[in-house]
Amino acid sequence: MLDQLLNGQLIVSEKNNEKDLFSHWIAHNFHKLSPPDISIKFSAESISLEGIFVAGYQSALHTLFPNKDWWGWSSFLFSEQSDENAEMSPTTLKKDGQVYFLSGSKSWVAHSEYAGRLIVTLKPGNDNPEDTGGVIIRDKDIGVSVNNHNSVKILNNISQGWAIFDRVKVEDNQFFEKSLIREFKKVESNYMILSILSFFLSKKFSIGKKPEDNLKSLCSDYYWHLKKSESESSGKLSSLRVRAKEYILENIEDNVTSSVDWDKDKRLFHMYL
C-alpha cells in the first residue's frame, strides 16, 4: 500500500459525505487491512477532512480494539455530561447475580449513524471488575439507544450524537483493560498524523505536482514505525512526530484543496498536533 501511495497510484474518490465514505469503506473491505494501510489508503482516496478523520480514527480503534469479524465502523465513547432533562446520567455498571448491566449515557458518539460497534469507557467504581476500562457493545443490543445531534460545530458531514444505556446486558468477553483508555489518545494522534501526511501527498499527485522528498520520507518513516511494535518504535516515533508536526503546520495552507472547508474544519488538524 505504501508503494502505491508514494507512486501516486491511489485514486482520489469524489466521495466526501459520510454515507459515501461508509459505502467506500465497505465496498473495498478496509476492515481487512492493517491499521497503517487503512490510514494511508482511506485518507489518500478522500477529498475532504472527513476522510482524514475516518482514516485516523478507525485505524486507532483497529489497533487497540481489533476484531477481524467486524467489518464496519466503531466509535470510542468517553465523554459524559449529565443532564437530567435530557435523561443523561453517568455511565454505571452493576452486577445482578452473575450478570453485569450497563446503564447511563455518553454525551458524544462519532459516526453516530454508522458506528455499529461502541467502545464504552467506565470510570472506576460501581461493580467494575478489577483493571476493567470499559465494555464493547453493539448499537443494536437491547437497551442501547444512539441519537444524533441536528447541528455540530466541526466536521458537519460526520454524524455525531449521544448514547443512552438502559440495563444493557454485558458478557465477560466484552470487557477491555483500562490501560487501553490511556493509550487511545496517543495512538489516535499518531494515525491522524499519518493520515494527514498521506492526504497531503495524494493531493499533490492529483493536481499534477511532484511531492517533495521530505513529505515522501515522512510518510514512509511514519508508516513503518507504526507497523512495528511500540517497544521497537516508541523512541524514534517521538522524534518523528516532532518532524511531522512541523511539516504539517508549515504546509497546511499549500496542501489543502478547494474541496476542504478550511476556515471551519482546520481545527481538526490542531486537535492532534
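**Reading helix burial, helix packing and positive phi**

Colleague: Which are the buried residues of α3?

Modeller: In this predicted model, they are Pro35, Pro36, Asp37, Ile38, Ser39, Ile40, Lys41, Phe42, Ser43 and Ala44. The cut-off for buried is under 20% relative accessible area.

Colleague: How many residues of helix α3 does that make, and what follows for the helix?

Modeller: Ten of the ten are buried, so helix α3 (residues 35–44) is largely enclosed by the rest of the structure.

Colleague: What covers the buried residues of α3?

Modeller: The cover includes α1 (2–6), α2 (18–27), α4 (49–64), α5 and α6. Across the protein chain, buried residues make up 51% of the 273 residues.

Colleague: What describes two packed helices?

Modeller: The angle between their axes and the distance between the axes. Take α5 (residues 179–206) and α6 (residues 213–227): they pack at about 145 degrees, with axes 10 Å apart. The crossing of α5 past α6 is left-handed.

Colleague: Which residues in α5 meet which in α6?

Modeller: First, the general idea. An α-helix has 3.6 residues a turn, so residues three or four places apart point the same way. Now the case here. From α5 come Asn190, Tyr191, Ile193, Leu194, Leu197, Ser198, Phe200, Leu201 and Lys204. They meet Leu215, Lys216, Leu218, Cys219, Tyr222, Tyr223 and Leu226 in α6. By class, this contact of α5 with α6 holds twelve nonpolar, two polar and two charged residues.

Colleague: Now the backbone. Which residue other than glycine has a positive phi near 50 degrees?

Modeller: Arg167 is one, with phi near 50 degrees. Arg167 sits in strand β7 (residues 160–170). Asn29 also has a positive phi, about 50 degrees, although it is not a glycine. Asn29 lies in the loop between α2 and α3.

Colleague: What is the mean pLDDT of the protein chain?

Modeller: The mean is 87, and 88% of the residues reach 70 or more. Then look by element. The chain has nine helices and eight strands.

Colleague: Among contacts between residues at least 6 apart in sequence, what share joins residues at least 24 apart?

Modeller: In this chain, 72%.

Notes
Residues numbered from 1 in each chain as written. Predicted model: local features only at pLDDT ≥ 70, side-chain atom pairs only at ≥ 80, totals over all residues. Heavy atoms only, no water. Axes fitted to C-alpha atoms, helices over the stretch in contact; angles between N-to-C directions. Helix = DSSP H or I, 4+ residues; strand = E, 2+ residues; numbered from the N terminus. Left-handed = near helix turned anticlockwise from the far one by under 90°. Contact = heavy atoms within 4.5 Å. Nonpolar A, V, L, I, M, F, W, Y, C, P; charged D, E, K, R; others polar. pLDDT = per-residue confidence, 0-100. Buried < 20%, exposed > 50% of the residue type's maximum accessible area, 1.4 Å probe, protein only.
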